[in-house]
Amino acid sequence: MGEKNVIVSTIGHKCMDEKRVEIVERKGLGHPDYIADAIAEAVSRELCRYYTENFGTILHHNVDKVLVVGGQADPRFGGGEVLHPIYIIIAGRATTHVETERGVRYVPIGPLVLRAARDWLRKNFRYLDPDEHVIVDYRIGKGSVDLTTLYKAGLEGGYPKANDTSVGVSYAPLSQTERVVLEVERRLNSREVKERLPAVGEDVKVMAVRVGDRIDLTIAAAIISREVHNLEEYLDVKERIREVALDVARSVTDREVVVHVNTADMIEKAYEGGVYLTVTGTSAEHGDDGATGRGNRVNGLITPFRPMSLEAAAGKNPVSHVGKIYNVLASRIAERVAGIEGVKEAYVELLSQIGRSINDPLLASVNLVVERGLPDNDLRHEVTAIVEEELDRVTDLKDLILSGNVMLF
C-alpha cells in the first residue's frame with residue numbers, strides 16, 4: 001500500500017532483565033483509576049454498538065474523560081455500610097443526532113452511557129451495588145465540527161484520517177518483573193481465588209522494585225469487611241494473599257521474591273480503622289479518587305523505566321483516534337519484531353499527523369536491542385516489512401478492540 005516512513009535502529013543498552021534496577025506497577029480491577037478507564041471504554045463500546053446497529057457505522061465520539069470521586073464508608077469487622085456513594089462523571093464528545101432521509105434522528109446518549117457504566121460495575125464487583133453505592137452522571141457534548149468532518153471524510157476513503165497528532169508507544173517482550181506484577185494482580189482477581197478467598201476485594205494494586213536479583217512486591221489489597229470477623233481472620237487473609245503472590249512469582253522467575261501486603265496497616269488500631277477493610281472491595285468507597293489515563297498503559301502496566309505514552313487509550317473511538325489505535329498498534333508491532341531470532345527487545349514509537357491516513361504515520365520508529373553479530377541490513381528489511389504490514393492492517397484493530405480481545409489497560 002505504499003512505502004512508509006520507517007526508521008529502524010539498533011541501540012546498545014542492556015535489555016531490562018539485565019539492568020540493575022527496575023520499577024513496575026499495576027493498578028488492578030477495582031482501583032479507582034482502573035474503574036475510570038474501564039467505564040470510559042464500556043461507554044465507547046456501547047456507543048459503537050448503537051451507532052453500528054442504527055446507522056451502519058461507528059460515528060464520531062471520544063468519551064475519554066471519566067472522573068471517579070471517592071465516597072465515604074464505615075467498614076467494620078463482620079459488616080459495615082456505605083455512608084456516601086461514589087460519584088462517577090463521564091465527559092467527552094459524541095454524535096448526538098444524525099441527519100437522515102427521513103429527518104433528524106437523535107441518539108439516546110444518556111441511557112446508553114448510564115447503562116454501560118452500571119453494567120460494567122455490576123459484572124465486575126461482588127459487593128458494590130451500582131444502584132445504591134454509586135451515582136453515575138454524564139456531560140457529553142456534540143463532537144467538534146472540524147473533527148467530525150475529518151472523521152466522516154476518513155470513512156469515505158480507504159483508511160480513516162488521524163483525528164489528532166499524537167504518539168503511540170510500546171515495547172516487547174515484558175521483563176520477568178513485569179510479568180510477575182501483571183500475573184499476580186490477574187491471579188488475585190481471578191474467579192478461582194475469589195471463590196477460595198472471598199474476602200479479597202477487587203481493588204488490588206501491585207508495585208514491584210527489583211534491585212539485582214531481588215524483587216520486592218508491595219501489594220495493596222482491599223479486604224471485604226463482612227468476610228472477616230476479627231483481626232485474626234484479617235491477618236490470615238493477608239498471609240494467604242502473600243502465598244498466592246509467591247506462587248505466581250515462582251512460576252515466572254527464579255529470582256528472590258519478597259511479598260509485602262497492606263503495609264500501611266496499624267495492627268494496634270485494627271478495631272479503630274487501622275487496617276485495609278472495605279465494604280465494597282474498592283478504595284473508591286472512602287475518598288480515593290480516579291481518572292481516565294492515570295492508570296495502566298496498553299500492556300496493562302505502569303513502567304517508569306520504559307518509554308510510555310501519556311495518552312489514555314480507554315474511551316477513544318476505535319476508528320480514527322490514534323491515541324488509542326497507535327498505542328495498540330505499537331504493541332502488536334513490538335511483539336512481532338521481538339519474535340525475530342536474535343532480537344532481545346523492541347521499542348516502537350508511531351507518530352501520527354492530524355488529517356493523515358492512519359496507515360501512513362508521519363514517522364514509525366523501531367529501536368532494537370539485539371544479539372551481537374545479527375546481520376544489520378537483513379534485520380532492517382524484515383522489521384520494516386512487519387511495520388508496513390501491520391500499518392496496512394490497522395483497520396482490523398477496530399473489531400479486535402470492540403470484541404475485548406485487545407488489552408487497553
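In what sense do β1 and strand β17 pair, and over how many bridges? They pair in the parallel sense over 5 bridges, with β17 covering residues 363–370. Two strands count as paired if DSSP finds at least two bridges between them. Helices (H or I, at least four residues) and strands (E, at least two) are DSSP runs, numbered from the N terminus. Residues are numbered from 1 along each chain as its sequence is written, and side-chain values use heavy atoms, with hydrogens and water left out. The model is predicted: local features need pLDDT of at least 70, side-chain atom pairs count only at pLDDT 80 or more, and totals for chains, interfaces and linings use all residues.

Strands of a sheet pair through backbone hydrogen bonds, either parallel or antiparallel. β1 and β17 belong to an open sheet of 4 strands in the order β1-β17-β16-β10, where the pairing is mixed. β1 (6–10) and β10 (167–172) stand at its edges with a single partner strand each, so one side of each has no neighbour in the sheet. From one strand to the next, the twist averages 15°. Such angles run from 0 to 180 degrees between N-to-C directions, and the axes are lines fitted to C-alpha atoms, for helices over the stretch in contact. Within the sheet, Ile-7 stands opposite Ser-365 in β17. Helix α8 (residues 376–392) lies across β1, β16 (343–351) and β17, and runs at about 140° to β1.

Another open sheet has 4 strands in the order β9-β6-β3-β15, again with mixed pairing. Its edges are β9 (134–142) and β15 (290–291); each has a single partner strand, so one side of each is left without a neighbour in the sheet. Strand β3 (residues 61–69) and strand β6 (residues 86–94) pair in the antiparallel sense over 7 bridges. Here Asn-62 stands opposite Arg-93 in β6. Helix α1 (residues 32–55) packs on this sheet and touches β3, β6 and β15, its direction making about 145° with that of β3. Contact means heavy atoms within 4.5 Å. Helix α2 (residues 109–124) also packs on the sheet, touching β6 and β9, at about 140° to the direction of β9.

Helix α1 also holds both Glu-46 and Arg-49, which are 3 residues apart, about one turn of the helix. Their side chains meet in a salt bridge (2.8 Å, N to O). A salt bridge is a side-chain nitrogen of Lys or Arg within 4 Å of a carboxyl oxygen of Asp or Glu. The structure holds 42 of these.

Next come the spaces in the structure. On a 1 Å grid over the protein atoms alone, a cavity is a set of points where a 1.4 Å probe fits but cannot get out, while a pocket is an open set with protein on both sides within 12 Å along at least five of seven lines; lining residues have an atom within 4 Å of a point. Grid points are joined across faces, edges and corners, and a volume is the space filled by probe spheres set on the points.

The largest pocket has a volume of about 580 Å³. Of its 22 lining residues, Tyr-34, Arg-45, Trp-120, Asn-124 and Phe-409 are the closest to its centre. Helices α1, α2 and α4 (176–188) each supply at least two residues of the lining.
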